[in-house]
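Subject: The structure we talked about, with notes

Hi there,

Here is the structure I promised to pass on.

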Amino acid sequence: MSKVTNIIAAGLGGQGVLKITDILADVIFRAGLDVKKSEVHGMSQRGGSVSSEVRFGDKVNSPMVPAGEGDILVVLDISQLEVARPVLKADGILITPEDVPTDKLSNPKALNVMLLGALSAKLPEFPEELFIAALQKAFPEKLHEANEAMFKLGRNQ
Amino acid sequence: MKLLASGNEAVAMAALDCGVTLGCGYPGTPSSEILDEFSKLGGSAEWAPNEKCALEVAIGAAYTGVRALATMKHVGLNVAADPFFTIAYSGTPGGLVVISADDPGMASSQNEQDNRRYAVSAGVPMFEPADSQECYDFLCAAFELADKFRSPVLFRMTTRVCHSQCIVERRFAGKPMAEKAASFTRDPKSNVMVPAFAKLAHKRLRADLAAMQKINEAGEFFSVVNGSADLGIITSGISYQHVLDAAPEVSVFKIGMTYPLPIEAIRKFAAGVKRCLIVEEGDSFLYEQIMAAGIAVENKPEAFRFGELNVSRVRKLIAGDLTPEPAGAPGKPPQLCPGCPHRKTFEVLRDLGCIVSGDIGCYTLGVMPPFNAIDSCVCMGASVTVGLGMRHTLPESEARKVVSVIGDSTFLHTGINGIVEMVYNRPATGHVVLILDNRITAMTGCQENPATGRKLDHTPAYAVSLENIVKGIGVDNCDVIDTTLETEKFAELLKTRLASNDCSVIIARRPCILAMAKMAKMGKN
């Protein structure tokens, strides 16, 4: 079976968790790999725990990451670290808000974009331009400049 | 054309490309996005007041020879079961597909019923897609089958299939089938289910199912992975994807059309492997039918009947590993939003010590701290009638504390009948029904409903008046109040109504803050 890479984003409703995985899945799709993305909608918009998963490789079957097989976990709210950690493998990469310069956030809502930047640095197989293009597509034009700046701050840590 | 799409989006694209003339539904997670997407793509779609209405409107459209789609969540098909069972007999000249989006694991539902049972029970053929591509392909196939046999088709999705995104080839994009022109041909023998005609229709239905089984045996809708002869797994839907990852070496028989089953092909597969195991989420639906056909197969252990399957669980299932599964740290539960208009209402209900008969919607979260103010929740519309039952039997001092709480969309769904019951079979102490009118169907992502004054696509529509409905039915009092702005006044009013023997309705009206933000974005406020 070909290698499948597993990425998980976890946070709280309203933090833009799904935006991170939407953009990531778009990047992978544009790069021509097989990709699946999974999450559970519904009650999450009421401020509860939200997590979303992206799997990619030559061929992906299950859309869900098996416990203990996550390669990278991005946590948007530190309260969700213990909830999400079991999905990460022992030598998996953890990215939290402590890994990015949150003091330079133009708007607290842009934390997801900054963390996406940090995540992108761990995925060198996908060029930065692909990320920027997918990021711009996901937001209205008035946010493009600020988002690109936040993305780069996260990426160039 | 290839693109990344959820199962729900793929269904919407397929509906458009198959020439569906009308899509009808009632919002319900995980099905809600289908009609919104279909509408955005240019399809004609409507939110009906409930699933029974939605299915019946779709049936009417299909009676005129065009293709029609009805969408709902699993429990919605309970509401629509009455027309569903009889339309299986009569069928429709235009293709009719009914989507049931099941929720194994109850991400956002009150039960995890397995609606594959409905296919057998009603005698309706069924497809079970395993990813977004199959959502697209099978919906097209479902309409072809529906046309061929003039039979409704059940399209059974699950939460993971609805909401997971995969790469989809939209093979008919840009060259959609032309919608058929609607016309009506008198055919009472087929369309009027009086006993004399229904007896004939039932025989026709059973003969059609036998013919559909033959079609399914031909192999268009199942696939076989030829692996090890030591273990063969029979599976369907999302479970198939987990099996491929959990046991890449085994033989697999994957079923796309799960009723009527390709039982002879299954028999052949099972005979070719030493151990034959069924891997399916939920009920032992495949297992029971395959065993009944005299094919020796192994069922999953009972522990795997509960919740969703995933790769780790399927590995354990195959290994017969019954050690308890790790519970994991509890996530943060959902709660009423800060600024939610329901908050003050539930504070008052809690402080007055009411016995609260609740209903389905965001406000069910009133059961959580700090409110702890919901005492029952069964199904859509049940708050009014369950509250009445309590009023009838409780001693007076307790009966006086009973309040039914129901949202605007839920009231229009199946709450109105409860008001009729209330004024007809009045409890001795009267009753109080609180309609939490936040002007939107909030829980499922802020869809329109008959009282919002806007259609599914947010264009203007007639706004049904909740006050006029309850006054017309004949309640003794109907008050409208904003419980956030006038909390004290609301508490006094509620106390007065509870102390009287009146049948009262109080409409707590204040818009949902999420809906207001969404409408402002769309320029609809």
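Let me start with the overall make-up. Chain B has 21 helices and 18 strands; helices (H or I, at least four residues) and strands (E, at least two) are DSSP runs, numbered from the N terminus. Its radius of gyration is 25 Å, close to the 24 Å that the globule rule gives for 525 residues, so chain B is as compact as a globular protein of that length. That radius is taken over C-alpha atoms, and the globule rule is 2.2 Å times the number of residues to the power 0.38.

Before you go further, please note that this is a predicted model: local features need pLDDT of at least 70, side-chain atom pairs count only at pLDDT 80 or more, and totals for chains, interfaces and linings use all residues. Residues are numbered from 1 along each chain as its sequence is written, while chains are lettered from A and ligands numbered from 1 in the order in which they are written.

As for confidence, the mean pLDDT of chain B is 96, and 100% of its residues reach 70 or more; pLDDT is the predictor's confidence in each residue, from 0 to 100. The model scores ipTM 0.94 and pTM 0.96.

The C-alpha atoms of chain B fill a box of roughly 75 × 60 × 50 Å along the principal axes. Of its 525 residues, 54% count as buried. Here a residue is buried if 20 or more other C-beta atoms lie within 10 Å of its own, exposed if 12 or fewer, and partly exposed in between, with C-beta atoms placed from the backbone. Among contacts in chain B between residues at least 6 apart in sequence, 75% join residues at least 24 apart; two residues are in contact if their C-beta atoms, placed from the backbone, lie within 7 Å.

Now to the sheets. One is an open sheet of seven strands in chain B, with the order β3-β2-β4-β5-β7-β6-β12 and mixed pairing. Its edge strands are β3 (45-47) and β12 (257-259), each of which pairs on one side only; two strands pair if DSSP finds at least two bridges between them. Inside this sheet's order, β4 (residues 67-73) and β5 (residues 96-102) of chain B run parallel and share six bridges, with B:Ala70 opposite B:Val98.

Helix α2(B) (residues 33-40) is mostly covered, as seven of its eight residues are buried. Those buried residues, B:Phe38 among them, pack against β1 (2-6), α1 (7-17), β2 (20-25), β3, β4 and β5 of chain B. After α2(B) comes B:Gly42, with a positive phi near 110°.

Towards the end of the numbering I looked at strand β18(B) (residues 503-509), where five of seven residues are buried. Parallel to β18(B) runs β16(B) (residues 431-437), joined to it by seven bridges, and B:Val433 stands opposite B:Val505. Strand β17(B) (residues 477-481) also pairs with β18(B) in the parallel sense, over five bridges. Together β17(B), helix α20(B) (residues 487-499) and β18(B) make a right-handed β-α-β unit; right-handed means that, with the strands pointing away from the viewer, the path from the first strand over the helix to the second runs clockwise.

Which residue of β18(B) stands opposite B:Ile481? That is B:Ala508, and the two are 27 residues apart in sequence but 5.1 Å apart in space, C-alpha to C-alpha. B:Ala508 is buried, with 27 other C-beta atoms within 10 Å. Leaving aside neighbours within four places in sequence, its contacts include B:Thr345, B:Leu434 and B:Thr483.

Finally, the interface. The contact takes 33 residues from chain B and 31 residues from chain A. On the side of chain B, α8 (159-163), β8 (165-169), α11 (238-246) and α14 (311-319) each supply at least two residues, and the largest share, four residues, comes from α11(B). That side divides into 17 nonpolar, 13 polar and three charged residues. For these classes, Ala, Val, Leu, Ile, Met, Phe, Trp, Tyr, Cys and Pro count as nonpolar, Asp, Glu, Lys and Arg as charged, and the others, Gly among them, as polar.

Helix α14(B) also has buried residues, including B:Val314 and B:Leu317, and they pack against α11 and β13 (275-279) of chain B. Just after α14(B), B:Gly320 takes a positive phi of about 65°.
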